[in-house]
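Colleague: I'd like to learn how to read a model like this one feature at a time. Can you walk me through it?

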Amino acid sequence: MTAAHRPTWMTADVLAPYRKYLTDPAEHELADRLLHWACAHCACPRGPQWHARRAFYAAVFSVCCRPPGATWQETLLAGKFNVFYFNVDDGPAEELTRLTGHLHHAVPADTGELGNLHRALLTDLRALGLDTARLEADIAALCAAADAEDRQDIATLSPERFHTLRLTTVASTAYISCWGAIRRLPLSGEESAVEAAGEAIYLANDLASLERDSSAQAPRAALTSNFVLFHAARTGTGIPHAADMAVARYNRLTADLASRSGPVADVLAAIVDGNLDAHLRLTASRFPGATDRLRLLHRVRTDPSAAPDCGGRKA
């Protein structure tokens, strides 16, 4: 963000620590815009530095996951969703609880910054005449599942229930619905493909975060929110075997997605491949130790010209 475009309350370029990792000019501009958007709706004491890190993550994921031919406006809208999601994932738990109550039970509450971002995202989508009904339902489900994530019990959580929850808490379902709204896609007839893409997204995430989630400092919820740790605990076969299961499952899912064609299939392929690329880009800062494992995962589209460039230095 140049000094000329920096808000008067922001006296320094708080994105400076991340700029060396943003090699695509679109990522620089998107991170600037997302930081400005997030801070415009800020209701927290954390300051722009906290928001800068989430704007950086959101910019990388949004540029990597954009479908071929995506416009700047489309990528910006997807980026705003990602900013909202990182606030669900990393923000204050009490805001998430209040927003969940508001969305599911119309409980009047001060939903804070998370509520501000939720309203602003939907306002921006509706201003373009986009149908947000499916996205709104998926966001409400995301908030409820994330709010209850640390209360899951591995002794009673079935593999089927784990799968349903993980599709939701990693925001794969909601993110696909966001692009469905942006591109006006008929997702209602593509449920099996959407589920396959969503599962691939959470498997890549869980493989990427395995070292962090299995550390002594990891929260208890990691055991019921990481595929590898969950299946290792349930089967008693150990983490390496469960990780191999996740890799094999991911590669079967991408083979299935590669066999599909059409506008929905193209968007899903871009999101799944972009999600993998973004995780590889962020191995140093967010997913340490994950590179070798992620390199075992197959892409949906093997033709490099079929997807946007998402190269650059690892962050």
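Predicted model: local features only at pLDDT ≥ 70, side-chain atom pairs only at ≥ 80, totals over all residues.

Colleague: Let's begin with helices. How many residues does helix 6 have, and what span does it reach from its first C-alpha to its last?

Modeller: The idea is to compare the end-to-end reach with the span expected at 1.5 Å a residue. Helix 6 covers residues 133–147, which is 15 residues, and its reach of 21 Å is close to the expected 21 Å. Helix 12 can be read the same way: residues 239–258 make 20 residues, and the reach of 28 Å is close to the 28 Å expected.

Colleague: Which residues of helix 6 are buried?

Modeller: Leu135, Asp138, Ile139, Ala140, Leu142, Cys143, Ala145, Ala146 and Asp147. The next step is to ask what they pack against. For helix 6, the buried residues pack against helix 3 (72–90), helix 4 (93–105), helix 5 (112–126), helix 7 (159–169) and helix 8 (172–183).

Colleague: And what do the buried residues of helix 12 pack against?

Modeller: Their partners are helix 9, helix 10 (210–213), helix 11 and helix 13. The buried set in helix 12 consists of Ala242, Ala243, Ala246, Val247, Tyr250, Asn251, Leu253, Thr254 and Leu257.

Colleague: On to salt bridges. How many does a search of the whole structure find?

Modeller: It finds 18. For each one, look at the N to O distance, then at how exposed the two partners are. Take arginine 212 and aspartate 213, whose closest N and O atoms are 3.7 Å apart. Arginine 212 has a relative accessible area of 39%, so it is partly exposed. Aspartate 213 is at 15%, and it counts as buried because the cut-off is under 20%.

Colleague: How exposed are the partners when arginine 260 meets aspartate 256?

Modeller: That salt bridge is at 3.3 Å, N to O. Arginine 260 is partly exposed at 25% relative accessible area, and aspartate 256 is partly exposed too, at 29%.

Colleague: What describes a pair of aromatic rings?

Modeller: Two things: the distance of the centres and the angle of the planes. A search of the whole structure gives 11 aromatic pairs. In one of them, the rings of phenylalanine 162 and tyrosine 202 have centres 6.2 Å apart and planes at 85°, so we call the pair edge-to-face. The pair links distant parts of the chain, with phenylalanine 162 in helix 7 and tyrosine 202 in helix 9 (residues 191–208), 40 residues apart. Both of these residues, phenylalanine 162 and tyrosine 202, are buried.

Colleague: Which residues form an aromatic cluster?

Modeller: Tyr18, Tyr21, Phe56, Tyr57, Phe61, Tyr85 and Phe86 form one. Rings can also have a charge over the face. Tryptophan 50 has arginine 46 over its face, at 3.9 Å from the ring centre, and arginine 54 also lies over the face of tryptophan 50, at 4.1 Å.

Colleague: Now single residues. Is glutamate 113 buried or exposed?

Modeller: Buried, with a relative accessible area of 0%. Glutamate 113 sits in helix 5. Beyond its neighbours up to four places away in sequence, glutamate 113 touches Ala38, His41, Cys42, Ala43, Cys44, Arg46, His51, Asn87 and Glu95.

Colleague: And where is arginine 234?

Modeller: In helix 11 (residues 227–235), partly exposed at 43% relative accessibility. Arginine 234 and alanine 155 are 79 residues apart in sequence, but 8.3 Å apart C-alpha to C-alpha. Not counting residues up to four places away, arginine 234 touches Ile154, Leu157, Ser158 and Pro159. The side chain of arginine 234 also reaches the backbone oxygen of leucine 157, at 3.1 Å.

Methods: Residues numbered from 1 in each chain as written. Heavy atoms only, no water. Helix = DSSP H or I, 4+ residues; strand = E, 2+ residues; numbered from the N terminus. Expected span 1.5 Å × (residues − 1). Buried < 20%, exposed > 50% of the residue type's maximum accessible area, 1.4 Å probe, protein only. Contact = heavy atoms within 4.5 Å. Salt bridge = Lys/Arg side-chain N within 4 Å of Asp/Glu carboxyl O. Phe/Tyr/Trp six-rings, centres within 6.5 Å; stacked < 30°, edge-to-face > 60°. Lys NZ or Arg CZ within 6 Å of the ring centre and 35° of its normal. Polar contact = N/O pair within 3.5 Å; in protein donor to acceptor, adjacent residues only side chain to side chain.
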